[in-house]
Amino acid sequence: MEFLGIGPTELIAILLILFLVMGPQDLVKIGSTLGKALRNLRQSNTWRAVQDASRQLRELPETLVRQAGIEEIEKIQEELRGELKEQKEALQDIDRQLTAWTRAPDPLSQKTKKQESPKQEPPKSESGGEAS
């Protein structure tokens, strides 16, 4: 944790030197004066202007995006991607159908028909008579 480029050990060393040089009575006065100055700074119009400028800089990319209409362009792009995907699927389906109609049948996939012998009459019963 650093504050204005000063680490915690450096801050402790600075406070210790101030305490030894100024004494406890003067440190209270310096702290009080420093606190009032910081409060006045935070309540000043200059501080508010700096904070507003800082906020505007943080929001600048989002503002530029909105002004450029990039969000709208991205929405249109997504819609176009969806439509293109549908069209591509339709074309692939048509291509499959066309290929199925125009290709020559694969001879290995065709079932070979066996030569059937002429139909034979069912065997007659040997009893010689007709069944009643």
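pLDDT is the predictor's confidence in each residue, from 0 to 100. The chain as a whole averages 79, with 76% of the residues scoring at least 70.

This is a predicted model, in which local features need pLDDT of at least 70 and side-chain atom pairs count only at 80 or more, while totals for chains, interfaces and linings use all residues. Residues are numbered from 1 along each chain as its sequence is written, and side-chain values use heavy atoms, with hydrogens and water left out.

Helices here are DSSP runs of H or I, at least four residues, numbered from the N terminus. The 15 residues of H1, residues 8–22, should span 21 Å at 1.5 Å a residue, and the end C-alpha atoms are 21 Å apart, which agrees. The expected span is 1.5 Å times one less than the number of residues. Gly23 follows H1 with a positive phi, near 90°.

Next, H3. H3 has 24 residues and reaches 32 Å from first C-alpha to last, close to the 34 Å expected. H3 bends by about 50° at Leu60, and Pro61 follows within four residues; the bend is the angle between axes fitted to the seven residues ending there and the seven starting there. Just after H3, Gly69 has a positive phi of about 75°.

Finally, the contact, meaning heavy atoms within 4.5 Å. H3 (residues 45–68) and H4 (residues 70–102) pack at about 60°, axes 5 Å apart. Val65, Arg66 and Ala68 of H3 meet Ile70, Glu71 and Ile73 of H4.

Key:
Helices (H or I, at least four residues) and strands (E, at least two) are DSSP runs, numbered from the N terminus. Axes are lines fitted to C-alpha atoms, for helices over the stretch in contact, and angles run from 0 to 180 degrees between N-to-C directions.
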